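Biologist: I am new to this structure and would like to go through it by questions. Please show it first.

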Amino acid sequence: MGLLRLMALAALASQPGVAGGAETIGNSSVGITEFSVGKFRYFKLSRPFPEEAILRNISSNVTFLIFQIHSQYQNTTISFSKTFLPSTSATGTDKGLVFILRPEQSMCFWYMEALDAEPVQNVAIPLSYSERDPIPGGCNLEFDLDIDPNIYLEYDFFETTIKFAPANLGYARGTESPPCDIKTGQDTRWRLLYDVYQYFLPENDLTEEALLKHLQRMAEVPHVTANAIKVVTLTANDKTSVSFSSLRGQGVIYNVIVWDPVLNTSAAYVPTHTYACRLEAMEGSCSSLGRASTKVFFTLFALLGFFICFFGHRFWKTELFFIGFIFMGFFFYILITRLTPIKYDVRLILTAVAGSIGGIFLVAAWWRFGILTLCMLCVGLVLGFLISSVTFFTPLGNLTIFSNDDVFWVTFSGIAVLIPVVFMSCLRMLNILACGFVGSYSVVLAVDSYMYTSLSYITLNVLKRALSTHFRSAFTNVPFQTNEQEEGRERNIDRPPLQAPNQGMYPDQESNW
């Protein structure tokens, strides 16, 4: 076997490269795939046994490498050795390993394996760092790998949470790593800062090609800082965990940049992605966002809202039914969701019944007592709720002060109550605005049950906040993308490098970013 391996390496070394920098290097007969530092490589893993990977000609000023591999939803395992142990391997859709180089070492080996029977399309890249750069995950005490550069992601309906291991200071080849927790001074890892970044994929694009192309913008530090949104900066004293609002059906890529403020150096963790849903699921998958009950409910609701938007001011009693339906239905849904384990479809039916009762009650109150001020107060509060939701949909909602529930709900309620108070002297204007804004927004909610739209999270974030006590710490950023923005992003991604005009996204090819 040793002779065969040497012959295979000699054959690889003698192969000429293809013009333009895109090389078909992997030799399927011996199962060895060769990588180059800083170059992305697309390939498929389909073998039932590990495939060996090699990186040669490592510069002497490189002290550690991070190899990362990505797929859309099928798990891939990478390991330091052919024996795949938890302490020497990582399995998932976005995984990486850190190689601490020995003196005079100029070559690295590792192994890759696909767990599924079907071929798995991957994109991978090895990145090099010097002794001045911090080591992502270098002070890991929570996860299996000794040095773990990976970001661990969990999600549910309410929030998506990422976790990562603390980094350590860089060090030269052949020297001991700095201690992690013996001291806490400025000459230790406690001086490091962590910038958390978020990057949105194009809306309603669940394709594998789009994900693997955009992941290239989140692997290296300069590209991350240039293209992604910096959400928060953590210190070494903060908990290495950040929560975001889950955006079901919307692709999101997260990464963390660890920064050494003394040496002004940085390094990137392995980026991770999610759609907050399961692409491979037969039911309730990303391609079918809304349940049948949700579609029926919000379609009927949107039809009534569309009528109210244009004719509500002239059909007063119909408008009152619409407002009463919203008022009663919203609070009733929160109540039964928090207090009972009833299934979603049943909750939606009961909400529709309760909302109808609320609408009938408000119409009956007007018919029996004819108190205009009371009815307009309900109309103003619904409009105030929508305006307050829009206010917290802006970056204002991510301010640290509003992670306190008391501050959030007092401020939210104050804005909602302020609207009817301001317009109480001009009831006609209040009524027209309420019909237009509330009625048109009901159509947005109906669209969201068929396809992803960011505007639905104007009120959905408030509903999540009312239903989940943990949602208060989540960042609520959503993508806002115009056609022009998306075309510009695609042009930037698809542009060929000046020295590699023939690169493309095909198996067994490399690409410079």
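Predicted model: local features only at pLDDT ≥ 70, side-chain atom pairs only at ≥ 80, totals over all residues.

Biologist: How much of helix α10 is buried, and which elements cover its buried residues?

Modeller: Buried means under 20% relative accessible area. Eleven of the eleven residues of α10 are buried, among them Y457, N461, K464 and R465. The cover over these buried residues includes β14, α5 (316-339), α7, α8 and α9.

Biologist: How much space lies in the second largest pocket, and which residues are the closest to its centre?

Modeller: The second largest pocket holds about 570 Å³ of space. It is lined by 29 residues, and the closest to its centre are S403, R472, S473, A474 and F475.

Biologist: Which element gives the most to the lining of the second largest pocket?

Modeller: Elements that give two or more residues to this lining are β11 (159-164), β13 (229-235), β14 (241-245), α7 (372-393) and α10 (457-467). By class, the lining divides into 14 nonpolar, eleven polar and four charged residues. With five residues, the element that gives the most is α10.

Biologist: How many cavities of 30 Å³ or more does the structure hold, and what lines the largest cavity?

Modeller: The structure holds two cavities of 30 Å³ or more. About 40 Å³ of space lies in the largest cavity. Its lining divides into six nonpolar residues, one polar and one charged. The lining residues are T63, F64, I100, L101, I135, Y171, A172 and R173.

Biologist: What lines the second largest cavity, and how do those residues divide by class?

Modeller: The second largest cavity has about 30 Å³ of space. Around it are T160, S245, S246, L247, Q250, V252, Y254, T274 and A276. By class, this lining has no charged residues, four nonpolar and five polar.

Biologist: Where is N57 found, and is it buried or exposed?

Modeller: Phi of N57 is near 60°, a positive value in a residue other than glycine. N57 sits in the loop between β3 (51-55) and β4 (64-70). Exposed means over 50% relative accessible area. At 73%, N57 is exposed.

Biologist: What is the phi of E104, and is E104 buried or exposed?

Modeller: E104 is not a glycine, yet its phi is positive, at about 70°. The loop between β7 (94-100) and β8 (108-114) is the place of E104. With a relative accessible area of 77%, E104 is exposed.

Definitions and conventions: Residues numbered from 1 in each chain as written. Heavy atoms only, no water. 1 Å grid on protein atoms, 1.4 Å probe; cavity = no way out; pocket = protein on both sides within 12 Å on 5 of 7 lines; lining within 4 Å. Points joined across faces, edges and corners; volume = space filled by probe spheres on them. Helix = DSSP H or I, 4+ residues; strand = E, 2+ residues; numbered from the N terminus. Nonpolar A, V, L, I, M, F, W, Y, C, P; charged D, E, K, R; others polar. Buried < 20%, exposed > 50% of the residue type's maximum accessible area, 1.4 Å probe, protein only. Contact = heavy atoms within 4.5 Å.
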